[in-house]
Amino acid sequence: MSPTPVTLTNTRTVTPEGIHEGWVQVDGGRIAALGSGEPPRGTVHDVAGRWVAPGLVDTHVHGGAGHGFPEADAEGARRTIAYNRSQGVTSMVGGLVAASPEDTLRQVSALADLCDEGELAGIYLEGPFIARQRCGAHDPDLLRDPDTAEFDRWLEAGRGHVRMITVAPELPGALELIRSASSSGVVAAVGHTEATYEETVAAFDAGASVATHLYNAMRPLGHRDPGPIAAALGDDRVAVELILDLVHVHAGAAQVVVDAAGPGRVSLVTDAMNATGLGDGEYTLGGLRVRVSGGEARVVETGAIASSTIVLPQAVRNAVRHLGVSVPDAVRSASSVPAGALGLADLGRVEAGAPADLLVLDEELAAAEVMYRGAFVG
């Protein structure tokens with residue numbers, strides 16, 4: 001049964017065109033109309049002038065609420081999804097980390113089932129085709145050179161739900177893999193890489209269109225050796241991911257990204273792990289031990305910074321408070337920009353015909369109310 005039609009009134013709504021002040025009508029799980037003045041007859045819900053944003057879209061997230069997508073456990077994944085949904089993240093792409101060929105196939109197949117159910121918006125593989133020198137929180141023993149035959153097996157197991165893969169462009173076979181991904185409708189991202197500027201540009205020319213968590217796990221920016229950071233910032237074809245927990249990237253460095261790329265190309269992500277929502281302690285990520293202290297996650301054996309422990313509205317809040325980004329631009333960087341980068345055209349937008357996934361933000365830019373497919377989330 002479809003949710004009861006309802007009209008949200010007294011809104012400041014973030015739309016693709018700008019800010020709409022008035023009302024938003026929801027019917028049949030979708031946005032029916034936006035308007036000003038007297039709202040349509042029927043049930044109304046007054047949001048008292050607060051911001052109404054599209055439901056946020058996290059395209060790089062590995063887990064939360066005690067569960068991780070690499071575990072390939074359907075019930076655990078549903079708990080992660082439900083936790084994020086309660087915080088205003090209404091769409092997620094399930095992120096995997098480097099694993100053996102057999103485990104990767106099993107994980108992709110399990111997440112594809114959740115995509116078939118509509119619980120996930122797709123599958124993201126951050127490994128295993130990444131550089132050992134920049135492996136971060138991935139097990140270096142599970143990394144391997146790009147292999148189109150293995151990639152094709154993922155596509156078959158994913159049944160059309162594989163959305164993105166990160167590749168280090170300097171590895172043998174990387175450009176071939178990027179071309180294969182692009183021709184298959186899968187977004188190729190550049191990350192976990194020692195690539196030079198020239199190698200990174202070659203990857204973008206081959207079809208890569210996302211930079212995985214810019215700055216982190218990649219060759220640093222140098223004035224004579226600009227590397228992948230400068231290549232990504234200077235290419236209008238590329239969406240640049242940014243983990244804005246203020247741990248992975250200093251606010252000053254994040255400001256450079258926003259100023260250089262503009263909010264229309266900055267894709268806010270969390271890279272969150274299973275510890276998100278639980279607090280400090282010891283956890284595992286892709287088989288590696290990770291210790292969380294003060295919200296900061298690091299690999300026990302190496303000390304390398306691992307995934308974050310935030311949910312996406314916190315990144316929006318940090319963009320506004322610490323970078324001076326406007327609320328509408330910060331919201332778009334966490335909704336329509338990531339959705340557009342992965343070809344999820346109907347997500348992250350408040351417009352007639354779009355799914356009624358909405359987030360009402362309180363004065364602290366946290367989730368006051370969340371609507372998913374036209375029904376308020378408890």
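Eight strands form an open sheet with parallel pairing, in the order S6-S9-S10-S11-S12-S13-S14-S15. Strands pair if DSSP finds at least two bridges between them; helices (H or I, at least four residues) and strands (E, at least two) are DSSP runs numbered from the N terminus. The model is predicted: local features need pLDDT of at least 70, side-chain atom pairs count only at pLDDT 80 or more, and totals for chains, interfaces and linings use all residues. Residues are numbered from 1 along each chain as its sequence is written, and side-chain values use heavy atoms, with hydrogens and water left out.

- Strand S6 (56–61) and strand S15 (266–269) are the edges, each pairing on one side only.
- Strand S14 (residues 239–243) pairs with S15 in the parallel sense over four bridges.
- Across that pair, Leu 242 stands opposite Leu 268 in S15.
- Helix H2 (residues 101–116) packs on the sheet and touches strand S9 (89–96), strand S10 (122–125) and strand S11 (162–167). Contact means heavy atoms within 4.5 Å.
- The direction of H2 makes about 155° with that of S10. Axes are lines fitted to C-alpha atoms, for helices over the stretch in contact, and angles run from 0 to 180 degrees between N-to-C directions.
- Helix H4 (residues 174–183) lies across S11 and strand S12 (187–190), at about 165° to S11.

**Three-stranded sheet**

- A second open sheet has the order S16-S17-S18, with antiparallel pairing.
- Its edge strands are S16 (281–285) and S18 (296–299).
- Neighbouring strands here are turned by 35° against each other on average, direction ignored.
- S16 and strand S17 (residues 288–293) pair over five bridges, and Gly 281 stands opposite Val 292 in S17.

**Cavities**

- The structure holds three cavities of 30 Å³ or more. On a 1 Å grid over the protein atoms alone, a cavity is a set of points where a 1.4 Å probe fits but cannot get out; a pocket is an open set with protein on both sides within 12 Å along at least five of seven lines; lining residues have an atom within 4 Å of a point.
- The largest cavity has a volume of about 60 Å³. Volume is the space filled by probe spheres set on the grid points, which are joined across faces, edges and corners.
- Its lining includes Leu 242 and Leu 268, along with Asp 329 and Ser 333.
- S15, helix H8 (312–323) and helix H9 (327–333) each give two or more residues to this lining; H9 gives the most, with three.
- Ten of these lining residues are nonpolar, one is polar and one is charged. Ala, Val, Leu, Ile, Met, Phe, Trp, Tyr, Cys and Pro count as nonpolar, Asp, Glu, Lys and Arg as charged, and the others, Gly among them, as polar.

- About 220 Å³ of space lies in the largest pocket.
- Of its 19 lining residues, Gly 136, Ala 137, His 192, Ala 217 and Ile 305 are closest to the centre.
- The second largest pocket has a volume of about 170 Å³, and S9 gives the most to its lining, with three residues.

**Salt bridges**

- There are 22 salt bridges (a side-chain nitrogen of Lys or Arg within 4 Å of a carboxyl oxygen of Asp or Glu).
- Glu 369 forms one with Arg 50, with the closest N and O atoms 3.6 Å apart.
- Glu 369 lies in strand S20 (residues 367–372) and Arg 50 in the loop between strand S4 (44–46) and strand S5 (51–54), so the pair ties together parts 319 residues apart in sequence.
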